[in-house]
Amino acid sequence: MSTIQISELKPGKVVAANVTTADGRVLLAKGGKVEPWHLNLFQGLGIKSLEVEDSQEDRCIQEAADYVVDFFAYVNPDHPVMGELYNFAVDLVALRLGQGWTVPSLAERRAKNVENLSDVFSPDIVSPEKIAKHDVELSSFPEVYFKLREAIDSPATSVGRLAELVSQDMSLVAKLLKLANSPLYGLDQPIESIQRAIAIIGVKELSILALGMSAINYFKGIPPELIDMKTFWRHSISCGIFAKILAKTLGESHAERFFIAGLLHDAGRLILFKEMPYASSEAMIFARENVLPLVEAEQATFGFTHTMVSEHLLREWKFPPALSDLINHHHSPMAAPNPRDAAIIHVADVMANALGIAAGQMYVIPPFDEQAWDLLGIPAQGVQRICSDYEIQEENTLEVFS
Amino acid sequence: MALNLSSSLLLRRTQPITEDEFRKLRDFIYEKCGIWIDEKRKYLLENRFGSRLKELGLSTFSDYISLLSHGQNKEKELATLYELVTTNETSLFRDTKQLDGFMANVLAPLIVEQKQKNKLELNIWSAGCSSGEEPYTLAIMLHEHMGPEIKRWRVSITAIDISPAMIAKCKEGVYSDYAFKTTPEAIKKKYFVPAPGGLKVHPSAAGVINFQVMNLNDVAALKRIPKSHVVFCRNVIIYFDEAMKKKAIAAFYDNLLPGGVLMLGHSETLHNISSAFKPKFIAGAVAYQKM
């Protein structure tokens with residue numbers, strides 16, 4: 001039951017108490033439904049507010065709001081962008097609740113039941129440099145991806161050449177064929193050649209698939225209650241999509257570059273998961289217990305953060321510096337050589353975190369740099385449209401990874 | 001998918017805190033419990049304490065700060081403040097691997113050594129014991145390891161926490177199912193008896209523990225703690241700033257007997273804080289030995 005102002009009353013609401021005139025005459029009995037003609041009558045009689053039963057929808061929104069608000073504990077509640085994102089996130093969660101989703105319990109959110117005891121970790125013996133350099137195998141992570149991208153970007157590349165590149169990576173071949181033969185593409189004939197599979201799935205999607213594939217092994221030592229690969233990739237892709245939308249909104253001609261930066265913005269974290277699964281789990285538990293953004297928990301636990309790892313990593317990988325800067329500064333856009341470009345990834349990350357709540361992401365939204373937002377010059381009301389655009393694109397992009 | 005179900009919900013649910021109020025509250029908290037709330041955590045602080053303001057029916061943070069400083073119930077409110085700034089997530093036998101490693105590589109040799117010296121005495125300090133799970137776990141482990149022989153020893157576990165509410169809970173010694181998630185079933189049966197609200201620690205195991213409300217910031221009070229063979233301080237210093245970390249670690253150093261051992265939480269380190277300890281990598285843990 002809740003109290004509603006007469007100006008906000010809509011037909012169809014069920015009243016939770018008798019609506020009476022000043023002298024006690026019952027106009028609408030408890031349990032009665034408000035009809036359109038009641039509105040004028042009530043207003044005419046000077047009734048200011050009344051008690052109504054909460055509808056299923058109201059209850060979903062209330063529950064969603066109470067759930068979502070927790071994730072905004074770390075950001076300025078008065079900033080209009082946060083207000084917009086909050087409302088959008090509440091809508092998404094309410095929608096899911098309406099579809100039968102149950103929000104994770106407080107114990108789950110605070111990771112109370114995670115026992116994480118695989119190995120000893122001592123912050124004394126780690127540094128971002130060591131971690132980034134440690135694993136040789138790692139340097140092959142983007143290799144197929146970058147070869148593919150290079151090939152894709154070159155107009156002279158044939159599907160045959162792409163197939164050749166793909167066949168260098170067995171797991172990619174398997175995933176590709178599985179995807180091409182999935183009901184998603186609804187083909188009668190089984191697809192058995194890599195070339196055919198590429199033709200069906202699409203050249204652009206192929207590179208994203210390659211990137212997603214390489215990450216699977218990175219999550220072995222991480223308890224799934226803390227984060228799983230699906231959630232991680234969903235967030236990465238979301239950030240990529242947001243970055244691209246923001247870049248397009250700003251009239252950037254190379255919006256694809258921002259997509260890539262968004263997709264890879266947490267690459268440092270992947271390495272941390274792989275190299276320090278135990279410590280990473282500690283950081284994640286610390287974040288969850290204390291309602292802190294993961295980046296803060298990393299700092300407290302390791303003495304450095306995932307962006308410091310990516311800094312070394314991307315240098316090893318010989319990433320173009322302009323791209324690395326976007327990734328390495330997504331939590332510190334104003335310190336980047338090109339703050340406006342870094343601001344795009346920064347804002348995209350915050351947005352992806354907010355909209356990810358309905359998809360089950362469990363970490364509070366990281367600090368939002370208001371100065372970085374101002375640099376973009378997008379009005380706060382624009383957030384609604386950006387989020388709606390995102391919703392449309394997300395469905396299409398995520399399918400590729402499922 | 002345009003929803004627009006709720007587009008007018010207000011994200012702000014609490015009173016705003018002014019810059020000045022934030023600084024005052026932050027400094028107050030730091031002075032009282034050594035926990036430093038960084039500027040970055042301003043909204044988090046506003047959030048947590050905002051709900052408390054509502055409960056108390058206060059309209060501004062300034063009112064709350066004056067209540068803390070000179071209100072009639074300031075001591076009581078201080079206890080609530082401690083609850084709000086510290087997390088008390090813990091369970092019995094938390095981090096079993098670390099505890100086993102500690103038992104096998106630190107405590108067992110220590111007991112042998114003490115016997116050889118014919119000094120049947122063992123002092124442990126559990127600093128920041130929260131609701132008591134850690135000292136009870138240590139007491140039970142000692143009983144398990146020493147068997148009936150423990151009666152001939154002078155074993156003492158001094159367990160301190162900043163929060164009076166937590167120490168009251170410690171003394172009560174009653175734990176719900178959640179606290180037992182990593183406790184072996186046999187231990188549960190042997191050392192706990194049913195009580196309203198869960199299971200209560202058996203007095204035989206509880207007897208070696210001395211619970212006290214004490215602040216790690218209060219150097220004079222800490223000097224009253226008996227000299228220890230082992231100090232346990234897990235998941236506490238991570239909340240401190242560097243100055244306070246150094247202060248706490250110095251207190252542990254002063255308290256430890258020569259060769260004594262400090263056990264920290266997994267993600268905590270003495271790196272950049274103290275070089276007066278030697279880290280020893282033992283199975284499942286790092287033990288910091290006083291040099």
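Which domains does the domain assignment of chain B give? The assignment, which is automatic or comes from a database, gives domain 1 (19-85) and domain 2 (96-290) in chain B.

## About the model

This is a predicted model, in which local features need pLDDT of at least 70 and side-chain atom pairs count only at pLDDT 80 or more, while totals for chains, interfaces and linings use all residues. Residues are numbered from 1 along each chain as its sequence is written, and chains are lettered from A and ligands numbered from 1 in the order in which they are written.

## The two domains of chain B

The centres of domain 1 and domain 2 of chain B, taken over C-alpha atoms, are 30 Å apart. Their contact (C-beta atoms, placed from the backbone, within 7 Å) takes 7 residues from domain 1 of chain B and 11 residues from domain 2 of chain B. On the domain 1 side, helix α4 (residues 74-85) of chain B supplies the largest share, 3 residues.

## The sheet of chain B

Helices (H or I, at least four residues) and strands (E, at least two) are DSSP runs, numbered from the N terminus, and two strands pair if DSSP finds at least two bridges between them. In chain B, 7 strands form an open sheet with mixed pairing, in the order β6-β2-β1-β7-β8-β10-β9. Because β6 (209-213) and β9 (277-282) of chain B stand at the edges, each with a single partner strand, one side of each is left without a neighbour in the sheet.

Strand β1 (residues 121-127) of chain B pairs with strand β2 (residues 154-161) of chain B in the parallel sense over 7 bridges, and N123(B) stands opposite S156(B) in β2(B).

Note on methods:
Two residues are in contact if their C-beta atoms, placed from the backbone, lie within 7 Å.
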